[in-house]
Amino acid sequence: MPFEIPSDLHPDLMPVVWLLGNWHGNGQGDYPTIEPFSYEQDVVFAHDTRPFLHYFSRTWITDEAGERLRPGAIETGFLRPAGGNQLELVLAHPTGYAEVWYGEVDGPRITLATDLVARTSTAKEYTAGQRMYGLVEGDLMYAQDMAAEGQEMQSHLWGRLKRV
């Protein structure tokens, strides 16, 4: 699908302009404290002329045939350029978490790590995360690691999304 840079894009967003748009695809999840799972995902990176991208992701747990079984994770937040190649990401989750991430963009690749994880008293233990996003052959690929439930930082989610 062809991609055009919006004429009203804030200039600070040029390093991450490749994220803009609607994305759809599938991913896998695994962690020592849960059963491996598959999911379908919709992601939106949107702008409104100001120097940030609004990010929204929702997922559905799927069966072996790719059919939706039930809703999965939802998260929303803001990706903010912080000068040079530096980025900030602020995320919120309905499961009781809020996160502040710092990282950098290097061409079509973004790496981020949590600086702060805040959780409500009813949220499961989750202490840190790392994410990588990349534009590969026109697709948005990502991997997410986490430290939670007494486990060290390790792989948790990975997926491939196509621009729609």
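So, E149: at 37% relative accessibility, it counts as partly exposed, where partly exposed sits between buried, under 20% relative accessible area, and exposed, over 50%, with a 1.4 Å probe and protein chains only. You'll find E149 in the loop between β9 (139–148) and β10 (154–163). Its phi is near 50°, a positive value in a residue other than glycine. Why do I bring that up? Most residues other than glycine have a negative phi.

Quick word on what we're looking at. This is a predicted model, where local features need pLDDT of at least 70, side-chain atom pairs count only at pLDDT 80 or more, and totals for chains, interfaces and linings use all residues. Residues are numbered from 1 along each chain as its sequence is written, and side-chain values use heavy atoms, with hydrogens and water left out.

Back to the loops. T49 has a positive phi as well, near 85°, and it isn't a glycine. T49 sits in the loop between β2 (34–46) and β3 (53–62), and at 39% relative accessibility it counts as partly exposed.

Okay, zooming out. How many helices and strands are there in the protein? There are 0 helices and 10 strands; both are DSSP runs numbered from the N terminus, helices being H or I with at least four residues and strands E with at least two. The C-alpha atoms fill a box of roughly 45 × 35 × 25 Å along the principal axes. Of the 164 residues, 37% count as buried.

Now let's go inside, starting with R131. Is R131 buried or exposed? It's buried, with a relative accessible area of 5%. R131 lies in strand β8 (residues 126–136), and a polar contact of 2.9 Å joins its side chain to that of E75. By polar contact I mean a pair of N or O atoms within 3.5 Å; within protein, one must be able to donate a hydrogen and the other to accept it, and residues adjacent in sequence count only if both atoms are side-chain atoms. Leaving aside neighbours within four places in sequence, R131 is in contact (heavy atoms within 4.5 Å) with residues including Y55, L91, H93 and W101.

Not counting residues up to four places away in sequence, T114 touches E99, V100, W101, Y126, A128 and G129. With G129 there's something specific: its backbone nitrogen lies 2.9 Å from a polar atom of the T114 side chain. T114 is buried too, at a relative accessible area of 18%.

Last stop, L19, in the segment before β1 (21–31). L19 is buried, with a relative accessible area of 1%. What does L19 contact, once neighbours within four places in sequence are left aside? That would be F45, L53, L79, I110 and L140. And L19 and A46 are 27 residues apart in sequence, but 8.7 Å apart in space, C-alpha to C-alpha.
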